Amino acid sequence: MEQTQRRSTVRRPTILAVVLTSLVLGSAITTAAPAAAASGIGVYVGYADSLRAEATSFPTPWAGSPATVFEGCLPVTACTYDAGAIRIVNNTSASVTVNAIAVHIDTCTFTGWAPAVLTPGADLIVTQLASGAEDGCSGPSPAHFDTSDIGPGGSSYSGICTPDGIVPTVDVTVNGQTTSYADSGQVLNTGGVDAATCSAFSNESIQWTTIGHAPCRGSVLSLTPPAQTHAVGTTATVTATFTNSCGQPLSNVAVQFSVVSGPNSGRTGAGATDANGAARFTYSSALTGTDTLRAVVTNIAGSIPSNTVTVTWIMFAPGGGAFVISDLKDVSGGSAYWWGAQWWKNDHLSTGLAPASFKGFEKSNLTPWCGQTWTTGPGNSPKPPRTVPGVMAVIVSSHITKRGPVISGNIVHIVLVRTNPGYGPNSGHKGTGTIIATVC
């Protein structure tokens, strides 16, 4: 067996060392309940079929994924996979040593993968060490691990379509403690039949599934929230969540983000999923408009795209702050008087008149939003901007009061206004426009 077939790969700078120590003798053995993991260790099973590649079901993460130790055939580009696979995830807060893994299918036992040290959150994947398929028991060394074609007594049952009822078991030794897990969902032996010819799935791949659970073929990459709006100069965050078809989150999966259209078209980002299967992308914009974003997970069988979401970027008053209109003027398509000496006469509030000294501008909020409050001074204090954009976000207030020199109000809505010519920073040059949309 070539040494390159036994090596592990690590794709991030944290230490995920393979410890070449021998199996700890005399380890205690416990039996785990179905779908349960001992001592914060997650145990998953899957089936990798690159002969009949299908991206959503191929086990992901795989070789080269973030925080992943891979003990299988390498390099990926030179290997054909047709094998069961086991994934061990360290969900504890301390590093652990996976001393050994042994897989039992009827009379067959496969073992001999190298021990590995996993830092918190890291995972270990073991599978076939040599390229290609080989039916039946191929010996204790997992050079071939074609577990879908192992029948009673270790025979090859390629093409046999009657379920054999054999339940594989997986012994996992972590820090010297051995726990036995039953693959009662028969993921490793694809339901006890030759799934390549005897099921609705000609492709045998099964996405990582918590051991003891029914097979979770397929996967879903969801991007949220569906839509959001932010002021230019601030930041927006989208979250991609990767799960198998049963909703079980998959960590250590590389996710690529891109802005596919809009003012920031071409912007990209990358992340890795956490224990909840979530990866995040945060970016800012200096331009107004609506971006459309998508996320993608790529494995050796292809790509898994997400849904698309939108981020709308709006502009308040240049230089910070915002102009204000009254709630009684908040009518789509209606006229807006957002600045001027006669603000209090033109913008009656549902709670009464505003102070006569309020001219329509506040600068207490860098990023005003619905549900917040604001404060300002009388007249031209603070000083409003020299110019305004053609479309501007404006605060809607229902309650404005004055106590001493401080004027304060609430924010019940934010609307977009198409501004008219004629505005000036002196309150004698009124600011008006037309309400074209509601932001919040």
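Predicted model: local features only at pLDDT ≥ 70, side-chain atom pairs only at ≥ 80, totals over all residues.
Residues are numbered from 1 along each chain as its sequence is written. Local features need pLDDT of at least 70, side-chain atom pairs count only at pLDDT 80 or more, totals for chains, interfaces and linings use all residues, and side-chain values use heavy atoms, with hydrogens and water left out.

Ser57 lies in the loop between strand S2 (41-49) and strand S3 (68-71). Helices (H or I, at least four residues) and strands (E, at least two) are DSSP runs, numbered from the N terminus. Ser57 has 5% relative accessibility and so counts as buried. Buried means under 20% relative accessible area, exposed over 50%, and partly exposed in between (1.4 Å probe, protein chains only). Contacts of Ser57 (heavy atoms within 4.5 Å) are with Tyr47, Ser205, Ile206, Gln207, Arg217 and Gly218, leaving aside residues up to four places away in sequence.

Rings of Phe, Tyr and Trp (its six-membered ring) pair if their centres lie within 6.5 Å; planes under 30 degrees apart count as stacked, over 60 as edge-to-face and the rest as tilted. Trp62 is in the loop between S2 and S3, Trp208 in strand S11 (residues 206-210), 146 residues apart. Both Trp62 and Trp208 are buried. Trp343 and Phe358 pair edge-to-face, at 4.9 Å centre to centre and 75 degrees between the planes. Trp343 belongs to helix H2 (residues 343-346) and Phe358 to the loop between H2 and strand S23 (361-362), so the pair ties together parts 15 residues apart in sequence. One aromatic cluster is formed by Phe58, Trp62, Phe70, Tyr81 and Trp208.

Pockets were located on a 1 Å grid over the protein atoms alone: a pocket is an open set of points where a 1.4 Å probe fits, with protein on both sides within 12 Å along at least five of seven lines, and lining residues have an atom within 4 Å of a point. The largest pocket has a volume of about 240 Å³, a volume being the space filled by probe spheres set on the points. Of its 16 lining residues, Gly64, Ser65, Ala254, Thr298 and Asn299 are the closest to its centre. The second largest pocket holds about 160 Å³. Of its 14 lining residues, Val232, Phe316, Ala317, Gly320 and Leu366 are the closest to its centre.
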